Amino acid sequence: HGFSKFYEEKLEKYRNKKINILEIGSYAGASAAAFSKYIPNSKIFCFDINISNFKFSSNNIHVFGVDINNQKKIQKILNKIFTNYKFKEFDLIIDDGSHNLSDILISLKSFFKILKKKGIFIIEDLKHPNYYTYNKNIDHIFIDEFLNKLKSKKISKSNIFSEKDQKELIEAIEKIENFKGNLKDSDISFITKN
């Protein structure tokens, strides 16, 4: 994908810090292992709908099988994480899940609020719904358009984000940076919280 150059630039400040990372969509765990190596003092919490493919093992990597559409189970897991590990917000949240339009929106709505001030919310392959009809699973504007509207402080018609949700998100966002990866369908967004 060619995302590593963007990650290196944006995450350099975390290299020697103790941080908590939430990764949505971990598959076999290769990126969790890479984050663990790049930011050795991090704790990485991986959410995936199917954890049977997960291959990496580390004291710093914690894996949970969950569908992000199951809000009750998500809340239960988050409560357990926050209680057991004594923190309340993540420094980094990476969405590399299904790339379905609804899931990207739900992920942003559900998890941005548990991101620390100055933390970064990263969406990998955000334009998959633009390129692939099977990822555009709901009638909604594309993620890149939605982010551009948020950047311009404009409200979009959305069946996932109410007007109030969007206003709160606009207030909570410091900056949105989108980059093109090496492949025609690889795009990545770094959203920094105020």
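A charge sits over a ring if NZ of Lys or CZ of Arg is within 6 Å of the ring centre and within 35 degrees of the ring normal. Lysine 136 does this to phenylalanine 142, with its charged end 5.4 Å from the ring centre. This is a predicted model: local features need pLDDT of at least 70, side-chain atom pairs count only at pLDDT 80 or more, and totals for chains, interfaces and linings use all residues. Residues are numbered from 1 along each chain as its sequence is written, and side-chain values use heavy atoms, with hydrogens and water left out.

**Charge over ring**
- Lysine 184 lies over the face of tyrosine 131, at 5.5 Å from the ring centre.

**Aromatic pairs**
- The structure holds 16 aromatic pairs (Phe, Tyr or Trp rings, Trp by its six-membered ring, with centres within 6.5 Å; planes under 30 degrees apart are stacked, over 60 edge-to-face, the rest tilted).
- Phenylalanine 45 and phenylalanine 87 form a tilted pair, 5.7 Å centre to centre with 45 degrees between the planes.
- Phenylalanine 45 is buried at 0% relative accessible area (buried is under 20%, exposed over 50%, partly exposed in between; 1.4 Å probe, protein chains only).
- Phenylalanine 87 also counts as buried, at 11%.
- The rings of tyrosine 132 and tyrosine 134 are stacked, because their centres are 5.5 Å apart and their planes at 20 degrees.
- Tyrosine 134 is exposed, at 60% relative accessibility.
- One aromatic cluster is formed by Phe6, Tyr7, Phe35, Phe179 and Phe190.
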